[in-house]
Amino acid sequence: MVLDAKLVIAAVITIGLAGAFLFSNPTVDSITGKISGRIPFLQSGGAPTQELNDVSFVLNADSYGNMAFEGQKQLQAEIKGATHGNIGGGPFDTDEGISLSGFSGRVLIGDDLTLNGTVDKLMLSGASITFGGKAYGSVSSFSFASIENLTLPQLTLENVTGSLKQNGTEISFSKTNVLIEGVSGRFTFGGGIGIDGHASRISIPRAGIIIG
């Protein structure tokens, strides 16, 4: 009986050391792609997680669906491409792109970028014009768009390929869904989506990854 007890204790210690090694040096392949790097977080049940209320991250993915951002405030935006718009009751058109400061309102993005709300400043054809909260609306056929301070309660990217960087760890994913809750930051669009910001939680369900 004493010998059996010693064998059990030795087995437990061996398994514990092996587990510690695996999780300090992970290289994980799954049906969703390859995950590599140091992942210093673990949730009971085997799914990685991290005890953070404010997750700082950088994400890049090859595609995105139609998105609606309601009630946005004080956005900064740079849009490259043709834009047809109206500000303070006056229409304008440009093929050279525009920059906006202090935009508040609704943002819709898919094949086109639509803005409806108010704006404080507009840069158009090299000229900067201050409006002080005039009514604003535009539709842009963009090749690239960058928008600062966007916020969204929840964002789901479906069947995407890309990468996620967080706290020194880089995770590569392929053809899977990525769920982001309480996201805010700088969004870029054009040939895919990029996000440099913060979230309350990020998960890649099929890989068993939860951060936050």
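## Ring cluster

Tyr64, Phe69, Phe187 and Phe189 are linked into a cluster by ring pairs. A quick word on the rule: rings of Phe, Tyr and Trp (for Trp, its six-membered ring) pair if their centres lie within 6.5 Å, and the planes count as stacked when under 30 degrees apart, edge-to-face when over 60 and tilted for the rest. By this rule the count comes to 5 aromatic pairs. One of them is Phe69 with Phe187, an edge-to-face pair at 5.6 Å centre to centre, with 80° between the planes. Phe69 sits in strand E4 and Phe187 in strand E9, so this pair ties together parts that are 118 residues apart in sequence. Strands here (E, at least two residues) and helices (H or I, at least four) are DSSP runs, numbered from the N terminus.

How exposed are these two rings? Phe69 is buried, with a relative accessible area of 0%, and Phe187 counts as buried at 0% relative accessibility. For the burial classes, buried means under 20% relative accessible area, exposed over 50%, and partly exposed in between (1.4 Å probe, protein chains only).

Another edge-to-face aromatic pair is Phe103 with Tyr136, at 6.2 Å centre to centre and 80° between the planes. Phe103 belongs to strand E6 and Tyr136 to strand E8, so the link spans 33 residues in sequence. Both Phe103 and Tyr136 are buried.

## About the model

This is a predicted model, where local features need pLDDT of at least 70 and side-chain atom pairs count only at pLDDT 80 or more, while totals for chains, interfaces and linings use all residues. Residues are numbered from 1 along each chain as its sequence is written, and side-chain values use heavy atoms, with hydrogens and water left out.

## How the strands pair

Start with strand E4 (residues 67-87), which runs antiparallel to strand E6 (residues 98-109) and is joined to it by 9 bridges. Two strands pair if DSSP finds at least two bridges between them. At residue level, Met67 stands opposite Ile109 in E6.

E6 carries on to strand E7 (residues 113-124), again antiparallel, with 10 bridges joining the two.

Then comes strand E8 (residues 127-166), which pairs with E7 in the antiparallel sense over 11 bridges. Val119 has Lys134 in E8 as its bridge partner. E7 and E8 also form a hairpin, with 2 residues between them, and Ser125 in the turn has a positive phi of about 55°.

## Salt bridges

How many salt bridges does a search of the whole structure find? The search finds 2, with a salt bridge taken as a side-chain nitrogen of Lys or Arg within 4 Å of a carboxyl oxygen of Asp or Glu. In one, the side chains of Arg106 and Glu70 meet at 2.7 Å, N to O. This pair links distant parts of the chain, with Arg106 in strand E6 and Glu70 in strand E4, 36 residues apart. Arg106 is partly exposed, with a relative accessible area of 37%, and Glu70 counts as partly exposed too, at 47% relative accessibility.

The side chains of Glu148 and Arg186 also meet in a salt bridge, at 3.6 Å, N to O. Here too the pair links distant parts of the chain: Glu148 is in strand E8 and Arg186 in strand E9 (residues 169-189), 38 residues apart. At 32% relative accessibility Glu148 counts as partly exposed, and Arg186 is likewise partly exposed, with a relative accessible area of 33%.

## Around Lys73

Leaving aside neighbours within four places in sequence, Lys73 is in contact (heavy atoms within 4.5 Å) with Phe103 and Ser104. Lys73 and Thr151 are 78 residues apart in sequence and 9.0 Å apart in space, C-alpha to C-alpha.
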